[in-house]
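These are my notebook entries on a structure that is new to me. I begin with the structure itself and then go through what I looked up.

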Amino acid sequence: MTLKRDYKEFLNDNFKGLSIRTALFFNWDIGLRFDLQEGDVGSDHYFEEVFKRSMTLFQAVFDPDDSVFVIGK
């Protein structure tokens, strides 16, 4: 199986009818949003805090051996 086929199959099995397009958050009935920022946008503190909060969420949700699909534009 190819990676593209794997992720399409995963989406179809778990999110039937979802189309990956901008803005994904508004294209599905259920969604979760997290405010990851703190401080002045563009400062070192801002990016350090966003990274720290993102990693905390990621580690809380996924096990080290989980497969994760990252889709970017």
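In which part of the structure does I20 lie? I find I20 in the loop between α1 and α2. Helices here are DSSP runs of H or I with at least four residues, strands are runs of E with at least two, and both are numbered from the N terminus.

Entry on the model. I note that the model is predicted, so that local features need pLDDT of at least 70, side-chain atom pairs count only at pLDDT 80 or more, and totals for chains, interfaces and linings use all residues. Residues are numbered from 1 along each chain as its sequence is written, and side-chain values use heavy atoms, with hydrogens and water left out.

I looked up I20 and read a relative accessible area of 37%, which is partly exposed. The terms are set as follows: buried is under 20% relative accessible area, exposed is over 50%, and partly exposed is in between (1.4 Å probe, protein chains only). I20 and I71 are 51 residues apart along the chain, and their C-alpha atoms are separated by 8.7 Å. L24 also lies in the loop between α1 and α2, and at 39% relative accessibility L24 is partly exposed. From L24 to D35 I count 11 residues along the chain, with 16 Å between the C-alpha atoms.

I20 and L24 belong to a nonpolar surface patch of about 610 Å², together with L3, F10, F15, F69 and I71. Patches take residues with over 30% relative accessible area and no salt bridge, joining nonpolar side chains (Val, Leu, Ile, Met, Phe, Trp, Tyr) within 5 Å and like charges within 9 Å. The areas come from the Shrake-Rupley method with a 1.4 Å probe, and for residues only the protein chains shown count as cover.

How much space lies in the largest pocket? I noted about 1300 Å³. The lining has 27 residues, and F15, L24, L32, F62 and F69 are the closest to the pocket centre. A pocket is an open set of points on a 1 Å grid over the protein atoms alone, where a 1.4 Å probe fits, with protein on both sides within 12 Å along at least five of seven lines; lining residues have an atom within 4 Å of a point. Grid points are joined across faces, edges and corners, and the volume is the space filled by probe spheres set on the points. Helices α1 (3-14) and α2 (44-61) each supply at least two lining residues, and α2 gives the largest share, 4 residues. By class I noted 20 nonpolar, 5 polar and 2 charged residues in the lining. Here Ala, Val, Leu, Ile, Met, Phe, Trp, Tyr, Cys and Pro count as nonpolar, Asp, Glu, Lys and Arg as charged, and the others, Gly among them, as polar.

Entry on the charged pairs. I found 3 salt bridges (a side-chain nitrogen of Lys or Arg within 4 Å of a carboxyl oxygen of Asp or Glu). R53 pairs with E38, the closest N and O atoms being 2.8 Å apart. Because R53 lies in helix α2 and E38 in the loop between α1 and α2, the pair ties together parts that are 15 residues apart in sequence. R53 is partly exposed at 25%, and E38 is partly exposed at 36%. E49 forms a salt bridge with K52 at 3.4 Å, N to O, and one with R53 at 2.8 Å. E49 is buried, at 11%. I noted that E38, E49, K52 and R53 are linked in a network of salt bridges.
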